[in-house]
Amino acid sequence: MHRSLWLEEALAAEDGGSAVALTGVQRADVCIVGGGYTGLWTALRIKDLDPGCDVAIVEADICGGGASGRNGGFLTTWWSKLGTLIKACGEEEGMRIARASEEAVDAIEGFCAEHGVDAHFRRGGWLWVATAPAQMGMWESAVAECERHGVHELKALTLEELHEHIDQPTHLGGAWEPRTATVHPAQLARGLRRVALERGVRIYENSPMLSLRRTGPPRVRTPDGEMTAGTVVLALNAWSAAIPELSRAIVPVTSDIVATAPDHALLERMRWTRAEAIADARLMVHYYQATRDSRIVFGKGGGTLAYRARIGDGFNHDPRRTAWVTEHMHRILPATAGAEVTHSWAGPVARTDDGLPIFGRLAPDVVHGGGYSGNGVGPTWIGGRILASLALGRDDEWASAGLVRDPGRAFPPEPVRYLGGRVVREAVRRMEDAEDRGQKPGRLVSYAAGFAPAGYARGGGRRRRG
């Protein structure tokens with residue numbers, strides 16, 4: 001399998017090998033399917049609440065092998081999506097969850113310090129920028145929503161203030177959120193795995209779930225074994241789209257990333273030296289960070305769609321999309337024109353209609369959570385709390401959180417979803433290419449692009465339906 005730069009580095013730093021695969025007939029109090037951030041945070045939270053609970057994780061690949069070890073390393077809050085949270089959860093609950101997303105950044109920093117996890121945590125803040133004139137002011141409604149609720153964590157910048165953070169002529173305006181950090185995502189995932197093992201969580205890697213029995217004591221079957229549990233937690237994120245009840249609520253799409261060779265002098269010329277995470281305000285978002293060893297890691301969303309939730313090798317790497325992302329990096333960051341690209345990879349993103357995850361119960365003893373829409377490094381800490389409370393049958397603020405909701409049917413069934421998704425994706429590409437050239441896209445293109453789900457930070461701010 002094609003691994004990310006993050007996973008290559010994290011695995012090279014480890015002493016031990018993979019955990020064993022699931023074999024034979026096993027039992028646990030709670031079986032978690034999925035060994036990414038959500039599954040690992042859920043396991044650790046259960047151990048906090050009930051230290052005697054027997055928890056097992058069943059992972060198809062290795063812990064962190066999916067999106068948790070392939071993302072851009074942005075540890076962001078949900079303040080930019082406050083309006084969407086309030087719409088989905090109500091005003092009081094939306095504010096509570098937004099505050100919890102800020103708490104998550106502090107909690108992850110504390111976790112890394114307490115357990116000696118070198119996840120390269122750096123609190124450099126987040127820049128939400130316009131890289132085309134049509135994107136100017138996209139942050140204004142989010143800033144206003146925060147200010148209406150007495151929150152001043154997100155503020156607009158002047159052009160001069162923006163260029164103090166990164167000096168590139170393509171960056172025309174932006175907003176600043178100082179609470180955000182960047183991390184080495186695979187080091188965080190593998191650190192969570194290590195601590196979970198130390199806490200007594202059993203982890204079975206290279207054990208894909210082949211079937212799930214929901215009735216009676218639920219049972220997970222893998223190629224070489226089966227696990228019967230009191231409760232099963234499905235922490236599958238993009239792979240959740242294969243579950244019938246979630247197939248019209250979650251769409252798996254790729255996000256592709258390239259990484260340059262270390263070059264501190266290049267970052268100094270760009271005045272990009274304070275570990276800022278940066279994302280622009282387009283639907284097919286560009287996101288980029290400067291790593292601790294002075295690489296530029298540059299990603300772009302919206303690469304391809306999965307048909308019937310089939311997440312194949314193209315979701316790990318595609319040379320054609322690597323060239324596409326590299327071209328966009330040179331366009332958005334002109335200073336990188338001569339930079340050497342040393343690594344490239346892709347990963348699956350679980351997109352929902354409003355950009356927020358969905359949690360719930362599929363059967364009395366089967367719970368699920370996922371759909372972070374490209375913004376999961378921090379919010380999975382919240383997801384772990386929600387799923388732990390659901391799995392343990394607790395009556396608390398997390399079991400009744402506003403994100404525990406009916407998945408609905410926001411997207412059409414297959415094959416309409418896939419075919420329609422390709423049409424919408426092409427419309428978004430044409431619209432944003434026209435905007436990059438300073439041109440106005442055609443009405444039909446704009447109309448079709450308006451059916452795209454919420455972007456990285458936006459709750460559908462530019463969606464034009466009619």
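Let me begin with a term: a residue is called buried when its relative accessible area is under 20%, exposed when that area is over 50%, and partly exposed in between, using a 1.4 Å probe and protein chains only. What we have here is a predicted model, in which local features need pLDDT of at least 70 and side-chain atom pairs count only at pLDDT 80 or more, while totals for chains, interfaces and linings use all residues. Residues are numbered from 1 along each chain as its sequence is written, and side-chain values use heavy atoms, with hydrogens and water left out.

Now to the aromatic rings. The structure holds 9 aromatic pairs, where rings of Phe, Tyr and Trp (for Trp, the six-membered ring) pair if their centres lie within 6.5 Å, and planes under 30 degrees apart count as stacked, over 60 as edge-to-face and the rest as tilted. In one of them, Trp272 and Tyr288 have ring centres 5.9 Å apart and planes at 90 degrees, so this pair is edge-to-face.

How are the rings of Phe359 and Tyr372 arranged? Their centres are 6.4 Å apart and their planes stand at 70 degrees, so this pair is edge-to-face. Phe359 has a relative accessible area of 1% and is therefore buried, and Tyr372, at 4%, counts as buried.

Finally, the charges over rings, which require NZ of Lys or CZ of Arg within 6 Å of the ring centre and within 35 degrees of the ring normal. The charged end of Arg96 sits over the ring of Trp398, 4.4 Å from its centre, and that of Arg425 sits over the ring of Trp324, 5.5 Å from its centre.
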